[in-house]
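Trainee: Could we go through this one together? I'd like to know what stands behind each label.

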Amino acid sequence: MGSATTICSDKTGTLTENKMSVVAAILGTTLRFGDVLSSDHAANETGAEVLSAPEFTSMLSPSIKSHLLQSIVLNSTAFEGEHDGAMTYIGSKTETALLSFAREQLGLGPVGEERANVNIMQMFPFDSSRKCMAVVVRIDNGKYRMLVKGAAEILLSQSTQVVRDPTNDQAEAPLSDEKRTTLDTIITNYASRSLRCIALVNRDFEQWPPRGAPTHEDAKAIAQQCGIYTAGGISIEGPQLRQLSPRQMNVLIPSLQVMARSSPDDKNMLVRQLKKLGETVTVTGDGTNDAQALKTADVGFAMGVSGTEVAKEASDIILMDDNFASIVKAMAWGQTVNDAVKRFLQFQITVNITAVALTFVSAVAGNDEHSVLSAVQLLWVNLIMDTFAALELATDPPSPHVLERRPDPKSAPLITLTMWKMIIGQAVYELVVTLILNFAGQSIFPTWDNGHMKTVVFNTFVFMQIFNHSRRVDNRLNIMEGIFRNKWFIGIQLIIIGGQILIIVFGGAAFSVHHLDQVSQWAVSLILGILAVPVAVIIRLVPDAFIHRLIPHIWSHKKGPELSVSREGRHYEWNLALEEIRTQLSTPKICFLSPEAVYAPEIPW
């Protein structure tokens, strides 16, 4: 810095505090607050007296004040949350600034309570092409009111009425050309002061949705085209979901495929209920209104191109190409990695059980009290079952059929009953073979001396590991499926076979082996190793239910009440009584604003 001749400074957060607040406003054409910093006197042509913010809000009629409060609170995706140990508003800076204004000047209490007291029908999320967002609520007279927030110059061009007297009531007056010009001048004046000018407008409807607006049927049609909504599935609207009890939700959700006109709160509620049912939930979204659901989900996917910064911050993974197919690839790779971990564990535990038992028994029961496997030989075996096994078993690409089976739940054990069956079955086979060769080998093959017999035991043990590659952790019989897709696997297997041959031929005293100069010695090692493949098939034919019955009852987990959806064969478990008690005792914390349509139409002006 001592040699710096030019300093280039960023504005946001450096020259400014990177915070927004409401500093000026005009309601109708007769009431305003905020200092006039521009020399342009046209802004004062309304004849309105410039007030302070407290004076401005104190002069509003109760109906106008309530309407302004609803326009700010309901037409927003910001929510209350904890940041650095203090409760604050979380969301875009514009929306948090408006909420702070409502709290300080309009007497806003908890945002959740304000939103819970209003019957929200639908929400139109912010659209950059329209430069606005909207929320539809049902008002006391049975009509429906759309509250719109957006760029002031655009909303002014679409408006036809203006509030006559904010200090009296909500009576409207026609927006004449003179008043339109005046308001347009004020907007320009605000922009010249580097203020972000936001307009709040509204329109009432006799019915909702109005004629021509998208309906629940549109959402179902789109879902059906995408293959989401299928025969037997259930479709529901967000307001209907809110009216269900936890028990009703638990019955409905397993068949739920479409939720139309859903608010951010509805999305978050659905995610929470799915997690209570034991589901691992993934949420995709791109808007600020998706943030809470993205955060609540086990895995949140945000769109990298079209997604908002709030959605990206709340998500776990950002899709750089905004391609939904990338989520399918992520799921396939996730299950493949999970399978790779299980394959590696199955292989390593099998080798460990066999190696430890063989070393211990041969050392204790042998006449010379030496293990049949030397320390250097065990190092070679350790290299096979650690480094080489990790490379060959963890490098499989996703199988074309990987998504055809149901994913494992979070509560599933890492080592399943099927895996234990394979581990114990293979370990028993390998132990029986190696112990027979070690203690009775010379009786079976009298022409082999003790040194060659120990080498045959070592050679057989390694070849059994080569053919016991544990490529499957389920009961399917095609254990060689996809073997030629993984070049790493084939290459490493060839390296292990080549290394084993070199050790037997040239290892000598370094590896405590004797050169196997008889074809029968190699044939015995190879045949007994290959037999690990049909043994694996036979073990898979043993039903898991039979193995489960052999396990002591004290090991079994007690099951609670479960719900079965017979059409899908799915089972959900929960403590229904406990759920009801929790619902009654808990205080709801509603952190969302308004409904959002699955299909975003044009806003009807």
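Trainee: Where is Ser194 found?

Mentor: Ser194 sits in the loop between helix H7 (177–192) and strand E11 (198–205). Helices (H or I, at least four residues) and strands (E, at least two) are DSSP runs, numbered from the N terminus. Bear in mind that this is a predicted model: local features need pLDDT of at least 70, side-chain atom pairs count only at pLDDT 80 or more, and totals for chains, interfaces and linings use all residues. Residues are numbered from 1 along each chain as its sequence is written, and side-chain values use heavy atoms, with hydrogens and water left out.

Trainee: Why does Ser194 count as exposed?

Mentor: Buried means under 20% relative accessible area, exposed means over 50%, and partly exposed is in between (1.4 Å probe, protein chains only). Ser194 has 69% relative accessibility, so Ser194 counts as exposed.

Trainee: And what makes Ser512 partly exposed?

Mentor: Its relative accessible area is 43%, so Ser512 is partly exposed. Ser512 lies in the loop between helix H18 (487–506) and helix H19 (519–530).

Trainee: What is the phi of each of these two serines?

Mentor: Phi of Ser194 is near 65 degrees, and Ser512 has a phi of about 55 degrees. Most residues other than glycine have a negative phi. Both values are positive, and neither residue is a glycine.

Trainee: Why is H3 called roughly antiparallel to H4?

Mentor: The axes of helix H3 (residues 62–74) and helix H4 (residues 93–105) come within 9 Å and cross at roughly 150 degrees. Axes are lines fitted to C-alpha atoms, for helices over the stretch in contact, and angles run from 0 to 180 degrees between N-to-C directions. Angles under 35 degrees count as roughly parallel, over 145 as roughly antiparallel, 65 to 115 as roughly perpendicular and the rest as oblique. That crossing angle therefore makes H3 roughly antiparallel to H4.

Trainee: Which residues make the contact?

Mentor: With contact meaning heavy atoms within 4.5 Å, H3 brings Lys65, Leu69, Ile72 and Val73, while H4 brings Leu98, Leu99, Phe101, Ala102 and Gln105.

Trainee: How much of the whole protein counts as buried?

Mentor: Of its 605 residues, 44% do. The protein has 22 helices and 18 strands.

Trainee: How helical is the stretch 427–445?

Mentor: Residues 427–445 are 95% helix and 0% strand, with the end C-alpha atoms 24 Å apart.
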